[in-house]
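Subject: Structure handover

Hello,

Please find the structure below.

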Amino acid sequence: MALKLLSFLATSLLLLFVCSLPSPALSREIKGVKPKHKPFGFLQNLVGCQKGDTVEGLRQLKQYLHRFGYLQSYSPSLEGTSRDDNFDHLLESAIRTYQLNYNLNVSGKLDARTVEQMMKPRCGVPDIINGTTSMNSGKSHHSRPASVHVVLHYTVNQGRRKWGKTQLTYAFLNSGDRLRSITADAFRKWSAVTKFSFQEIESLESSDIKIGFYAGDHGDGKPFDGPGGTLAHSFYPTVGQFHLDKEESWSTNPNMKEFDLESVAVHEIGHLLGLGHSSVAEAIMYSGIPTGVVKRELHQDDIDGIRDLYDL
């Protein structure tokens with residue numbers, strides 16, 4: 001009898017000890033290791049949504065489309081209300097424009113291919129800026145604003161802002177030899193097809209172009225969102241700011257979990273010179289690039305765009 005009692009007490013104490021241990025998720029939080037963040041991961045739960053639906057997560061989709069210029073009427077004051085999760089006609093119209101720009105079936109519905117495209121890591125520069133339609137949707141003669149100049153697939157910035165000189169300087173806020181060498185190669189790609197020359201200088205303050213790695217909110221109104229979201233962004237002439245998300249996995253010889261640094265640099269320099277995004281997937285100025293992909297050479301669409309902007 002005494003032996004059975006001791007066995008029961010031992011089993012009870014063991015169960016009490018096991019139940020008191022923190023869960024694996026909690027242990028990660030205690031150690032300061034958080035679950036992997038996927039900025040665009042919410043989209044995978046929205047496949048199949050269409051006009052008339054009310055689905056949790058549509059609020060985040062509206063924020064996404066507002067961020068990249070497709071939903072100008074989105075009001076942040078509505079965040080958290082039931083109206084935010086309604087699939088209304090404005091959202092349908094924004095999705096149709098997105099589908100047109102990315103050569104998808106234009107249905108206004110969140111089909112699997114549209115969601116797959118939206119989830120891809122991309123440049124943080126909007127596809128549509130200040131209501132100016134860009135990419136494929138800018139080719140509509142009935143809806144294209146007069147301020148949009150579109151030839152073939154490429155786009156140039158609203159107002160055709162451009163540099164008034166051909167000799168530009170650049171400097172780094174924070175960099176190593178790797179970034180300096182890669183950036184020099186990226187600038188040479190654009191020099192080869194234009195009249196521009198680029199020179200690195202030490203003074204960040206006096207340089208035309210300022211380059212650096214940043215994380216999260218870094219003071220320009222365009223916060224980075226962590227690994228796998230927006231990779232980098234830059235500004236049209238003559239602001240001269242080029243920012244990379246330092247939380248991404250960057251490489252000069254990327255594996256399937258890393259982004260090619262030079263490919264992204266060549267793209268962002270295109271924005272610095274005045275080009276918008278292209279609807280041609282092979283072009284440097286296409287908005288997204290997956291991990292493991294190397295795309296460093298200018299496409300004819302990129303060349304046509306920069307030469308048109310600068311009348312070359």
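The second largest pocket holds about 430 Å³ of space. The search runs on a 1 Å grid over the protein atoms alone: a pocket is an open set of points with protein on both sides within 12 Å along at least five of seven lines, whereas a cavity is a set of points where a 1.4 Å probe fits but cannot get out. Grid points are joined across faces, edges and corners, and a volume is the space filled by probe spheres set on the points. Lining residues have an atom within 4 Å of a point. There are 17 of them around this pocket, and Gly124, Val125, Pro126, Lys222 and Phe235 lie nearest its centre. By type, the lining has 7 nonpolar, 7 polar and 3 charged residues. Here Ala, Val, Leu, Ile, Met, Phe, Trp, Tyr, Cys and Pro count as nonpolar, Asp, Glu, Lys and Arg as charged, and the others, Gly among them, as polar.

This is a predicted model, in which local features need pLDDT of at least 70 and side-chain atom pairs count only at pLDDT 80 or more, while totals for chains, interfaces and linings use all residues. Residues are numbered from 1 along each chain as its sequence is written, and side-chain values use heavy atoms, with hydrogens and water left out.

The pLDDT is the predictor's confidence in each residue, from 0 to 100. Its mean over the protein chain is 84, and 79% of the residues reach 70 or more. Over residues 1-35 the pLDDT is below 50, and this stretch makes 6 contacts (heavy atoms within 4.5 Å) beyond near neighbours in sequence. Residues 141-151 also have a pLDDT below 50, with 19 such contacts. Where pLDDT is low, the predicted coordinates should not be read in detail.

For the overall fold, the chain has 8 helices and 9 strands. Of the 312 residues, 46% are buried. Buried means under 20% relative accessible area, exposed over 50%, and partly exposed in between, with a 1.4 Å probe and protein chains only. Among contacts with a separation of 6 or more, 65% join residues 24 or more positions apart.

There are 2 cavities of 30 Å³ or more. The second largest cavity has a volume of about 100 Å³. Its lining is made of 13 residues, with Val264, His267, Tyr286, Ser287 and Ile289 nearest the centre. That lining divides into 6 nonpolar, 4 polar and 3 charged residues.

Gly288 sits in the loop between helix 7 (261-273) and helix 8. With a relative accessibility of 16%, Gly288 counts as buried. Leaving out residues up to four places away in sequence, Gly288 touches Pro121, Arg122 and Lys295. Cys123 is 165 residues from Gly288 along the chain, yet their C-alpha atoms are separated by 6.0 Å.

Side chains of opposite charge can pair when their charged atoms come close. How many salt bridges does a search of the whole structure find? The search finds 13, a salt bridge being a side-chain nitrogen of Lys or Arg within 4 Å of a carboxyl oxygen of Asp or Glu.

One of them joins Asp311 to Lys162, with the closest N and O atoms 3.6 Å apart. This pair links distant parts of the chain, 149 residues apart: Asp311 is in the segment after helix 8 (300-309), and Lys162 is in the loop between strand 2 (154-155) and strand 3 (167-174). Asp311 is exposed, at 61% relative accessibility, and Lys162 is partly exposed at 33%. Asp311 also takes a positive phi of about 50°. In helix 8 itself, the buried residues include Asp301, Asp302 and Ile303.

Asp208 and Lys165 form another salt bridge, with 2.8 Å between the closest N and O atoms. Asp208 is buried at 15% relative accessibility, whereas Lys165 is partly exposed at 39%.

Asp185 and Arg188 pair at 2.1 Å, N to O. They are 3 residues apart in helix 6 (residues 177-191), so about one helical turn separates them. Finally, a network of salt bridges links Lys189, Asp260, Glu262, Arg296 and Glu297.

Regards

Definitions and conventions: Helix = DSSP H or I, 4+ residues; strand = E, 2+ residues; numbered from the N terminus.
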